[in-house]
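Please open the model in a viewer and keep the selection tool at hand.

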Amino acid sequence: LVDGTGKVIGFAKIARDLTERQLLEKQREELLGAEKQVRQQLEAANAMRAEFLAIMSHELKNPLNLILMSAELIARDPSAAGSTGVTRAVDTIRRTVRSQSQIIDDLLDLSRLNTGKLALSRVPLPLPPLIERIVEAGRPQAETQGLSLSLQTDEVTVFAGPVRVEQIVWNLLSNALKF
């Protein structure tokens, strides 16, 4: 401390207690470390789930292909050619296999989406032919449920991935027929 003439008349010491600030900083660092650990565990679990979905989807698709192939062999058997019961059963098997295959493909897409490997190829896509094809494929199922399908389309072209648009339309139609 200095008086008005510039003579030193004493000393002053200022002290700050930084204990609380250091404690908060330490807690923040501990929380950050815990958050990093949890994030790493979640990322590992997510990767395991994606791998599981991919393996499960692959393992489910193989038996479906065998079932479909067997149904095709039955349909081509000359002794089954005149039987409406066999024809109906083969058509039911085909529809069921396609439906299950679509579910498996959706699981694979989910796995690809989570791993960042889902590829979208966008092209100019006229919607009416795609929608008409899906409606025709769904018509037998609608008829077995006592429903009729009618379709009115305008000439619309979108810039999209054909596979994904087909999935969307197929899911909309399937849900409409279910519910």
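With which residue does Glu72 form a salt bridge? Select Glu72 and Arg94: the two form a salt bridge, with their closest N and O atoms 2.8 Å apart. A salt bridge here is a side-chain nitrogen of Lys or Arg within 4 Å of a carboxyl oxygen of Asp or Glu. Glu72 lies in helix α1 and Arg94 in helix α2, so the pair ties together parts that are 22 residues apart in sequence. Helices are DSSP runs (H or I, at least four residues), numbered from the N terminus.

This is a predicted model, in which local features need pLDDT of at least 70 and side-chain atom pairs count only at pLDDT 80 or more, whereas totals for chains, interfaces and linings use all residues. Residues are numbered from 1 along each chain as its sequence is written, and side-chain values use heavy atoms, with hydrogens and water left out.

Next, select Asp105 and Lys61, whose side chains meet in a salt bridge (2.6 Å, N to O). Asp105 belongs to helix α2 (residues 84-115) and Lys61 to helix α1 (residues 19-76), so this pair ties together parts 44 residues apart in sequence. Asp105 is partly exposed, at a relative accessible area of 24%; buried means under 20%, exposed over 50%, and partly exposed in between (1.4 Å probe, protein chains only).

Then move to Arg133 and Glu166, a salt bridge with closest N and O atoms 2.6 Å apart. Arg133 lies in helix α3 (residues 127-144) and Glu166 in helix α4 (residues 162-178). Arg133 is partly exposed at 46% relative accessibility, as is Glu166 at 33%.

Finally, select Glu72, Asp91 and Arg94 together: salt bridges that share partners join these residues into one network.

Note on methods. Helices (H or I, at least four residues) and strands (E, at least two) are DSSP runs, numbered from the N terminus.
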